[in-house]
Amino acid sequence: MDSIEFGASVAREINPGGKPRNRDEMAAIAQNFGAKITYSPYKYSTGALAEYNDADKEIICYSAAIAKVEELAGSHRGRLTAVDFPTMCIAHELFHHLDFTRYSQVQLGNITIKYAGIITIRRRVRATREIAAHAFAQELLALPLSPATLLERALGGAHAS
Ligand SMILES: [Zn+2]
């Protein structure tokens, strides 16, 4: 299945009605599906804004990293300032929670990797589920652009993993 269509379809499936309007509504949806949400001041070493710990079914938001993105986004005009980054991070990580608890058997499209320009291997890689998570967050929150693009525009580097 195509990663983008899968992510968007999961968003429509779990939330056919109104879109979550703010962080509290987003958190309530995640909690209804059994995800814990915690905020940690410590920035994850890879620069991620948030992550999902499947052992504890926990969405961890890295407050300092998110605050930095918000600060950088605040210096942009237009679309970025309308984005609530913690809400977006929770939505993205909720996809990983749903994927882990409900959809892990869904096969997403493979990605072609070329080695040395000669050997071509098609593999399912983590990237396909990242693409799906971004598509999920965009659909769930009715964002104007993919979270990947929004984050790239804000700072080009840090990302939600
Ligand atoms: Zn992710």
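Guide: A crossing of two helices is called left-handed if the near helix is turned anticlockwise from the far one by less than a right angle, and right-handed if clockwise. Helices (H or I, at least four residues) and strands (E, at least two) are DSSP runs, numbered from the N terminus. This is a predicted model, in which local features need pLDDT of at least 70, side-chain atom pairs count only at pLDDT 80 or more, and totals for chains, interfaces and linings use all residues. Residues are numbered from 1 along each chain as its sequence is written.

Visitor: Which crossing does α1 make in passing α5, left-handed or right-handed?
Guide: The crossing of α1 past α5 is right-handed.

Visitor: At what angle do the axes of α1 and α5 cross?
Guide: The axes of α1 (residues 3-14) and α5 (residues 126-141) cross at roughly 40° and come within 7 Å. Axes here are lines fitted to C-alpha atoms, for helices over the stretch in contact, and angles run from 0 to 180 degrees between N-to-C directions. α1 is therefore oblique to α5; angles under 35 degrees count as roughly parallel, over 145 as roughly antiparallel, 65 to 115 as roughly perpendicular and the rest as oblique.

Visitor: Turning to the sheet, what is the order of its strands?
Guide: The order is β1-β3-β2, in an open sheet of 3 strands with mixed pairing. Two strands pair if DSSP finds at least two bridges between them. β1 (36-40) and β2 (50-53) are at the edges with a single partner strand each, so one side of each has no neighbour in the sheet.

Visitor: How many bridges join β1 to β3?
Guide: There are 5 bridges, and β1 and β3 run parallel. Threonine 38 has isoleucine 60 of β3 as its bridge partner.

Visitor: And in which sense do β2 and β3 pair?
Guide: β2 pairs with β3 (residues 58-62) in the antiparallel sense, over 4 bridges. Opposite tyrosine 52 is isoleucine 59 of β3, while glutamate 51 stands opposite isoleucine 60. The hairpin of β2 and β3 has 4 residues between the strands, and lysine 57 there takes a positive phi near 50°.

Visitor: One last topic: where does leucine 108 lie?
Guide: Leucine 108 is in the loop between α4 (85-103) and β4 (111-115).

Visitor: Why does leucine 108 count as buried?
Guide: Leucine 108 counts as buried because it has 21 C-beta neighbours inside 10 Å. A residue is buried if 20 or more other C-beta atoms lie within 10 Å of its own, exposed if 12 or fewer, and partly exposed in between, with C-beta atoms placed from the backbone.
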